[in-house]
Amino acid sequence: MATRSPEDMKTAGAMKPGYERVLTDDALQFVADIARKFDGTRRELLKTRADRQNAWDAGGLPDFLPDTAEIRQSDWKVAGIPDDLQKRWVELTGPTERKMVINALNSGADVFMTDFEDALAPTWENIVEGQIALLDYWQDELTFTDPKSGKSYEVGSDPAMLLVRPRGWHLPEAHILLDGEPVAGAFVDFGLYFFHNAKRIIDKGSAPYFYLPKLESHQEAKLWNDVFVFAQEAFGIPVGTIKATVLIETLPAAFEMDEILYVMRDHIVGLNVGRWDYIFSFIKVLRNKPEYTLPDRQQVVMGKAFLGAYARLLVQTCHKRGAFAMGGMAAQIPNRREPEVNEKAMAAVQKDKEREVREGCDGSWVAHPDLVPVARQVFERLMKGDNQVDVIPDTTPVSQTDLLQIHEGTRTEEGLRTNIRVGVQYIEAWLRGNGAVPLYNLMEDAATAEISRTQIWQWQKHGATLEDGREVTVELVDGLLADEMAKLRNALGADVYDKGRFPEAIEIFKSLSEAPELAPFLTLPAYRLLSE
């Protein structure tokens with residue numbers, strides 16, 4: 001790539017020492033080239049999202065596409081899966097923060113998915129320093145010394161395989177402007193990482209591997225495929241070298257799994273059961289239909305109703321096409337101070353992973369390094385090889401009705417309070433730059449905060465009743481919100497609470513939960529505060 005300064009591109013974020021290593025003219029020009037070629041399509045696809053949602057709001061329902069029936073019915077498979085991705089039993093996820101990256105790579109997991117998306121608050125510092133950490137990793141220079149303890153960290157001799165999750169198509173990067181407009185965060189995350197590391201990764205005998213979030217259609221998957229082709233051709237790398245796993249974490253995408261695999265068949269190796277975002281999407285897509293009002297979040301569990309059907313269809317589709325079916329997240333956090341609580345949490349993780357193996361998954365996610373051995377023990381005991389891509393345990397067809405069947409259960413005051421506590425505290429931490437937040441023995445990210453605020457919106461919208469007969473109203477929610485924040489201030493201490501960003505977090509949560517129309521993502525209005 002020839003050295004040249006980007007035309008009409010401005011870096012609006014502060015240039016701290018070391019930032020010049022990744023924000024080079026060449027790298028920014030590459031990002032600009034991607035944006036100029038593909039941003040028009042990205043914007044059209046976001047408009048298509050809104051148009052489809054309007055049709056569902058007007059009475060329609062998501063369904064399998066009649067125009068692509070031939071893809072679903074014909075016989076084809078994805079391209080081969082590289083040797084170093086054949087065994088993905090345990091995948092650990094986490095943000096791109098330097099110390100966390102080192103610890104995750106050393107965790108004993110097969111894969112570490114480092115995250116520029118839901119587990120990362122996209123401050124300018126987090127984005128750029130995350131890129132620096134990944135650059136240092138591939139240059140064999142990733143170390144960290146804790147400034148408080150003096151303890152040093154470095155990557156061990158047998159690190160996990162690194163996969164990178166860029167931001168979704170909808171998220172902007174306010175600190176990199178092209179022609180005066182923010183560049184899509186996805187283009188920034190992918191472009192900088194690929195530019196600086198692709199050839200070095202290949203020289204080490206591997207390839208650039210990615211996780212792709214928030215896709216709602218096979219057309220959106222095709223856009224990623226086109227970006228991959230463009231990037232590989234620009235660097236003289238054979239097309240098909242890049243490999244990606246797509247998270248099926250939206251309800252519309254569940255009806256297009258075959259099509260997503262097909263349009264990315266040269267570059268895709270699997271699909272993932274993105275369960276938390278999927279619940280959020282289920283509420284969002286069906287928001288105007290009272291018959292789809294869900295019970296408490298804790299009662300919407302895998303293996304049942306629409307979640308069970310979705311996971312079954314994912315395994316069937318992936319294994320039919322020679323791709324991996326990756327299980328979902330275990331978000332429990334070990335609690336060494338309370339042995340009984342810890343034992344219960346570890347038993348829940350074990351049970352969850354056993355279910356996934358039985359359902360046909362080839363691997364699964366955990367949110368904390370201490371869960372890696374728990375999950376690994378399950379796969380060692382139940383798996384007969386590195387993967388089970390040739391196995392489809394349940395061939396029962398999955399219909400539109402199955403994918404829209406809601407869970408049985410109740411709506412409770414405690415469920416409402418939990419949504420308030422989790423939603424507000426997550427947003428407050430996110431505004432302070434932390435995107436992976438431990439709350440009540442669970443690792444929460446943006447997806448669970450999205451469930452919290454959309455579920456409250458749904459209950460209010462349709463006048464849902466709690467199990468004690470009370471209707472969920474704005475007045476009820478406001479009263480519980482005030483009570484929960486008073487309890488939280490007392491628990492944290494007035495000094496800690498008052499130094500936080502709770503007023504802003506409460507305002508965001510309250511405005512989104514009580515708005516006449518459901519906002520598509522909380523991270524969009526919240527990002528305006530984060531990027532100021």
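Predicted model: local features only at pLDDT ≥ 70, side-chain atom pairs only at ≥ 80, totals over all residues.
**Select the whole chain.** In cartoon view, look for 19 helices and 15 strands, which are DSSP runs (H or I, at least four residues, for helices; E, at least two, for strands) numbered from the N terminus. The radius of gyration is 22 Å, close to the 24 Å of the globule rule for 532 residues, so the chain is as compact as a globular protein of that length. That radius is taken over C-alpha atoms, and the rule is 2.2 Å times the number of residues to the power 0.38. Along the principal axes, the C-alpha atoms fill a box of roughly 70 × 60 × 50 Å.

**Colour by accessibility.** Of the 532 residues, 60% are buried (under 20% relative accessible area, 1.4 Å probe, protein chains only; exposed is over 50%, partly exposed in between).

**Now select cysteine 318 and cysteine 361.** Cysteine 318 is buried, with a relative accessible area of 0%, and cysteine 361 also counts as buried, at 2%. How far is the sulfur of cysteine 361 from the closest cysteine sulfur? It is 8.9 Å from that of cysteine 318, too far for a bond. A search of the whole structure finds 0 disulfides (pairs of cysteine sulfur atoms within 2.5 Å).

Note on methods:
Residues numbered from 1 in each chain as written. Heavy atoms only, no water.
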